[in-house]
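Student: I have a model open and want to work through a few of its features. Can we start?

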Amino acid sequence: MDLRLSEPDYRIGVDEETISSLEALHEDLYFETHTLFTLLGGRYQTSLSNPGRVLPFVDPSGAGKPGKARLSLTGKERGSPKLVVRRWTPESPEPKLQEYELTPLPVEDPGLVGATLADGEEGIRQLMVRVTVPDSLDRYEEFAARSSESGIDREFLNVEILEGMLRSLQNLHEAGLMEEALSWDRVQELALDFRLEKDSIYQKTAVLPRSRNPKSTDNPRLTAGGWTHGGEAMVQWDTPISLEENEALLGKLGTFPGVDVYYLTNSFLGNRVWAADFLPPHDAKYVSQAKLNALKPTLFVSGREHANEVSSTSHILKLGELLVTDSSYREMLNKVNVVLHPITNPDGAALAYARQLVNPDHMLHAGRPGALGSDATTGGSTDDPIYPESKAREMIREAWLPDIYLNPHGYPSHEWVQYFAGYSAWARGRRVGPRTWWVPRGWFIPGFSWVEDEENPDYGTAQFAILDSMAAAMTGNQDVDALNRRVYARYKKYGEQERDGFTEYFHNGMVVSMRLRGTESIGTGLNSPRITYFSITSEAPDETARGNYMDLMGQAGLAHTTSALRYLANGEFKVEREAEAFDDVVTRRLFRVKPGLPPGVEKGEGGVFPPETL
Ligand SMILES: [Zn+2]
């Protein structure tokens, strides 16, 4: 949707409050289109959760001229690809048409079963993967009269077909086509080890040699192009940070000793996703991840999941800058590993960044989700998610088992309305929830869950101690505290009028939406409190922040990440060593006891929680 309308935006002189009918139009078109898809899905008892990109672009130029609107709908012709072959013969002028539906083959995920390496040889000589199918022979001739070829292939998937596909791919490779498919620069050949589901004796191997132009297995790297730090400030808090600026800053941070900037994955639209590990300077070529995890706690900060919530990238990168340039921060790296992931959703970030150049005061929700209209983290814990970028966080959490995980978010800096469709904002379906987001209320924590595990009382102690230090940091920054108090008072004044819907809770002067009761167990698994005992999202009214206001949002963000870092740097962590001998074996274990407690607090001697709060 491309609109050109000349309505001006009005800043009304109350903090960031803005009256903008063009912004409301963007919000209306965006959310109402999503609502339409939700209702269409509901009509057919399914969910259309990935409707695609809804792009309501509003161009405010052309004052005094009539408005213009252009609506474009794009879509795929088919749900899945199809191979169409037209064959002409000398006998007939009409082509003979053959079609083949390329729907996924019902084959179980092949598993790696072997790798052949040779001394003195670069790379891998052979990778072998096992492919298990129901049948060995092609049944097409037998059933040709009864179904389509692709239907028969999928019903009776067999070794002959897969072998044939591999041969065809080899022919394509030799003809210089699809040379990166199943072919990698560091692997000489790929072997498929075929087995049958119900026949333990059957075995057949098919081999695909490397093509002439295989896929590179080198990960992209960021460099700073000869830049060296001359003492100047690196990260600006004036305008939102683009993908390019993020990469340039990470490239610069990577020039400092102890900083490892690395590529994680591409996004759905092919943008690159990066993270950076911060350790004290060291000379080691190889570093043991297990040792890093066992000897020191880890802080992991992952931002810009919703990419129009711009300030997280700014304060995460600033934290990175301080970790390499400010001695008080740098010192903390001797006690804490820090992992920064400034942009979770690069596709949304590219869109939101481009739009804020045109509509600087708008909240621009079209830039919030991933490229298909759903959250960019959707499917992150599954093997083959629709958004490759959704795996990034999981990859980091699996590697680092962080003690503290911060996921800073944002929301509109001014009243959020849809003038043209019921006024209330964020209507995406039939049900419209309470209007909890319509005006800003300052920086806050939207959901805090804590553990009240009788067998592990230290977890609750640590969680509330970290929350306390965060509250002290937020209220301790005068400018941030003044904004929070002023804006919250306004929120309360109007919010209270909705008597049933309005609730509030402060923890030491910080707004926290806290669970009424703790959960009874620290749980198990990668994302449980047992591993990561402090895990929060936070909300800054930063859509779309710039100038002094961006600076303020940056300060709020940095205050909370720094308080978490300080907690870990000052905390008590016990690294224990155990040795055990039995039969002829000795096992040695080295581990760090979680959670880390505040200085002076002994294990099992934590306070009562939830503590008394204001
Ligand atoms: Zn968000």
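Student: Is Ser 449 buried, partly exposed or exposed?

Tutor: This is a predicted model, where local features need pLDDT of at least 70, side-chain atom pairs count only at pLDDT 80 or more, and totals for chains, interfaces and linings use all residues. Residues are numbered from 1 along each chain as its sequence is written, and side-chain values use heavy atoms, with hydrogens and water left out. Buried means under 20% relative accessible area, exposed over 50%, and partly exposed in between (1.4 Å probe, protein chains only). Ser 449 has 36% relative accessibility, so the residue counts as partly exposed.

Student: Which residues does Ser 449 touch, leaving out those up to four places away in sequence?

Tutor: Ser 449 lies in the loop between β19 (444-448) and α11 (457-476). Helices (H or I, at least four residues) and strands (E, at least two) are DSSP runs, numbered from the N terminus. Contact means heavy atoms within 4.5 Å. With that sequence exclusion, Ser 449 touches Gln 463 and Arg 515.

Student: In which sense does β9 pair with β10?

Tutor: Two strands pair if DSSP finds at least two bridges between them. β8 (residues 111-116) and β9 (residues 124-133) have 5 bridges in the antiparallel sense. Ile 124 has Val 187 of β10 as its bridge partner. Over 9 bridges, the sense for β9 and β10 (residues 187-196) is parallel.

Student: How many residues of α7 are buried?

Tutor: Helix α7 spans residues 311-325, 15 residues in total. The helix is mostly covered. The buried count is 14 of its 15 residues.

Conventions. Expected span 1.5 Å × (residues − 1).
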